[in-house]
Structure formats: structure tokens, C-alpha cells
Amino acid sequence: MSGVALAWQQFRIERKLFWRNPSAAFFSFILPLTLLLLVASVFADDGDELDVLIPGVAGMSIMATTFNAMAYNLTFLREQGILKRMRGTPMPTVSYFAGFLGNSVANAFVQVGLVIVVGHVVYDVSWPKDWFELVVFTVVGVVTFGALGIALSHAIPNFDSASAYVNALFLPAIMISGVFYSSDALPAGLAAIAEILPLKHVIDGYSDAIVGGQGLGSELGALAVLAAWGALGITLAVRGFRWQD
Amino acid sequence: MSAAPAIEVSDLRKSYGDLEAVRGLSFEVGRGEVFGLLGPNGAGKTTTVEILEGYRRRSSGEVRVLGHDPERRERDLRQRVGIVLQSCGFYPRLTVREAVGHMAKAYPHPLATEEAIDLVGLGEKSDVRAGKLSGGQQRRLDLALALVGDPELIFLDEPTTGFDPAARREAWEVVRRLRELDKTVLLTTHYLDEAQILADRVAIIKDGVVVAEGPPSDLTPEAGGYRVSYLSGGRRVEHQTEDPTDLLHRLTGDALGRGERLEGLEVARPTLEDVYLELTAEAEAEL
């Protein structure tokens, strides 16, 4: 079987495993959608709030489906010896990781799509004004957060503690990056931290793509910050990579 | 056995920092042979096997596995080798059939999925998820995952550790079947009876070097050898001898002369365990 066909096989197995893992399906799909529905219901009549919320939850979804998922999954695969086992088979490394990462990318796109559809159909938020910008920020967000998640997995000592490591970063990040309310309302100190971290910039990009419509040119600063985090994440992800504990 | 050995190891060395775990190890494994690698913990068994499997790089020495240098991790070699690792799981949410079927796709000429599952006796568990299998069944799944590619050479690292006696016997049956299929097997084990029963030849490793090598039945301890014992006045008397023929003749002759029976007479051949304990005694004492 060719390397491409093997990557496809791995991707299909990863999809199957994803749907058989209740907590993965919950945290990647159900939780963001539930939060969206709950918070949106509160502000259902406030169009301005919804214009903040839909890009915010879309950005949170990107982080959950890539950063969180990579950190959990790689820690698990390493602890279980599955990575080591795969390395001993003729499965090409590139095919294996293409299938593995592809699963996460698929989740990210599906989830962002769901958020936008729910926002439009249920809450009457307009369709994205700039689809190209939406796709660009999704791709850049997936790469950046995926790489950072892989890098984080290198620092997690075992699967039992993975949840603590991931949420210690994920929960503060969504609180200060303008997921549920505009980050303009934050105290200056927190706003400055959010400005350095990547999530706010994904959300800014989504906000312009969905609501603002000024185009990619207006968000080059956000792209630059994401590119810097992406480069750092890829460097750490590759350098620290271990096949086994 | 064809001309080229399945595994050739010559003056293999591996250091971790200041610690030299393998110190000039040499052995060969012929095609179709079941070869046992024995030794106490820390003797360098796992390091050696992981170098042969391509997981670790050697510090120096020559290694050939099916004619390849495993360090180069060529796909052609990995297609011809099956690896059963110590304590390596698989996706717990895949069924046995899904797991074996998925692994089969990575190989050019795999066994039929059902055939690999039957080979390890997991047929009735085909639709059970890996995470729901007992410990022994999971080890058999490991074996099926290593065998489904129909490899020429199989590495079995401690394949029966944690098995109950019945499960061990079943695993031994699988290894015997592999031999019948002309597979080459490199077996590492703590269990000397296992090596004695399964292996055509063994190498005993201590402190990173081979201290004895040969068919288990040819390895004899330097002191004693056969043990002859019987009961005398309710107490067991034991003699050790290189050749029991003469001793037995004398003992039975004397007993007959006295008109007595030799109660509880036992003649024990030296076992691999005797050799092993003698050769590794020093290492154990250091612990």
C-alpha cells in the first residue's frame, strides 16, 4: 500500500477512535456547542454580543480540537507504547502522522463550520463576510495550536496529569482572549497578556472574517503573532519529540 | 537453514553516558532458529534487542538483521520483521479484528486477518475491544499484531511475563507453531524453563557480554552436573557427579547387597537454571 493510502487508512482509524472516545467527542464538539447555545441564549437579542460570541467560540473550538487534543492524545499514545509500536512497523512515519494530524484538522474545520452554521441559523448572525480570511485563520490556527499542543505533550509526565496541564493553559486562555465577551473589557494587565498569546489573534481574525469584513490585509498583525507562535511551536514539537517514555 | 544468518552481532557496544550497558557482545541466530537471550535485569538484554529492532543506535560494533543494518530503519527490513514489545498497548477502543486488520495494511504480503487471530487463539474475541481483554489476551493480541505481516523474523521480549501457567503453555504453543512455519524467533525471557523448552540455542548475558552460548541441553555447569539423591533414614542424601552411570551402579549395588531399596531415588540432569545461576551468581550477589 502506498504512503498516501496508508495515511488515509490511519485517518479513518483515527476518526473511528475519535467517535468511540466519549470525552474527546464531548470536549471537542459538545462542550463548545453547549457553551455557545447557553451564552448565546442569554444575549440572544443583543446582536453586538453575538458578533463577539460567534468568532470567540469558533476560536475556542480551534484550540480545543488541536491544542488540547494533541496534548492529550500524544501523551496517551506515548504512555501506552502505541507510538513505539507504530515505529516498529513498516507504516511510514509521515503517513502515520498525516492520518493522526488529519483527524484533528478535520475536527477543527467541522467544529468551526458548526459554530458558524448555528450562529447563522439559530441566532441570525450573518454568513461570514470573507470566507477566504476564515479559511486562512483556520489553517494558521490549526498549525499553530496543533504544534503547541504537540510541544506541550513533551512536558506532560503522564496521562493522568494531562488534564491539569491542558486546562491550566486552556481555561485562562479562553477567559482572557475574548471568547465570551469582548477582550476590550479586560483590565490592562490581562489585556496585555492576551495580546501576547495566540488565541486572541485567531479570534480577531475570525471576527473580521465573519463580522468586520475588512479583509486579510487588516489582520496582518494577528497573522504575524500567530506565525511567530507557530514557528516556536513547530520548533519545540520537533526538537522535543520522543517515541517512548 | 540458509547460508546467511538471520541475525549477526559482532562486538556490539552501547554506552549511556559513562555506563557501558553492552560491552562487546557477539552472537549469531540462524534462519529458522528459536534463539533465547537470557540474563539478569540490567545485563543488557533489552538494550541489545532494541538495537536489533532499530529503536536504539549502537555505540560501536557490527549488527546485521536479515542482511540489513537496523539502525538505517529501512522499510524493507521492517516489512520482514515482527516485534512484540514488553508492555506496549494498542488502541484500546479498537476491536481485535479492527486492530489486526489495520496493522495488516502496512505490510506487502500479510496473513488474512482471521488467520493471524486464530494463530494466537483469539478467534472468539475478534469483536471484543482491546481494552476489554484480559492481560494474557492482550499479550496474544500483541503477538497477532506482530505476526499479521507474515514476518521472517520475530522478536519476542518477555512474551509470557505475568501469564498464569495455562496462558504460558498456550503462548509456548504459539512459539512452537512459529518454528513449524520456519520463522526465526529471538526470545528474551526471565523464565529459564521457557528458554529450555522453546529455544534451539540460548545465550546467557551478564554485564553486557555473552558468558555462555549453545543448545540448552549442552550447557552444563562446571561443578557437579547430574544430581543423584535418595532417602536414607528419612534424610535426603545428594551426590553430584559428571557421570551418573558409575555412581548409580555403586549405589544400587550396595543397596542390593544390604537387601534394601533406595527410597526416593532421583536422578536430575543439570538444568539451564543450574548453569544460569552459576554464571550469574556474581551479578546477583552484587545486588
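This is a predicted model: local features need pLDDT of at least 70, side-chain atom pairs count only at pLDDT 80 or more; totals for chains, interfaces and linings use all residues.
Which residue just after helix 1 of chain B takes a positive phi? That residue is B:G54, with a phi of about 90°. Helices here are DSSP runs of H or I with at least four residues, numbered from the N terminus.

Residues are numbered from 1 along each chain as its sequence is written, while chains are lettered from A and ligands numbered from 1 in the order in which they are written.

Helix 1 of chain B spans residues 45-53 and is mostly covered, with 9 of its 9 residues buried. A residue is buried if 20 or more other C-beta atoms, placed from the backbone, lie within 10 Å of its own. Among the buried residues of this helix are B:K45, B:E50 and B:E53.

I turn now to the two chains together. In chain A, 17 residues are in contact with 18 residues of chain B; contact requires C-beta atoms, placed from the backbone, within 7 Å. On the chain A side, helix 1 (3-20) and helix 4 (82-87) each give two or more residues. Helix 1 of chain A gives the most, with 5 residues.

Finally, consider A:V202, in helix 9 (residues 199-212) of chain A. A:V202 is buried because 30 other C-beta atoms lie within 10 Å. Leaving aside neighbours within four places in sequence, A:V202 is in contact with A:G59, A:I62, A:F137, A:G141 and A:L226. The C-alpha atoms of A:V202 and A:A5 are separated by 33 Å, and these residues are 197 residues apart along the chain.

Conventions: Two residues are in contact if their C-beta atoms, placed from the backbone, lie within 7 Å. A residue is buried if 20 or more other C-beta atoms lie within 10 Å of its own, exposed if 12 or fewer, and partly exposed in between; C-beta atoms are placed from the backbone.
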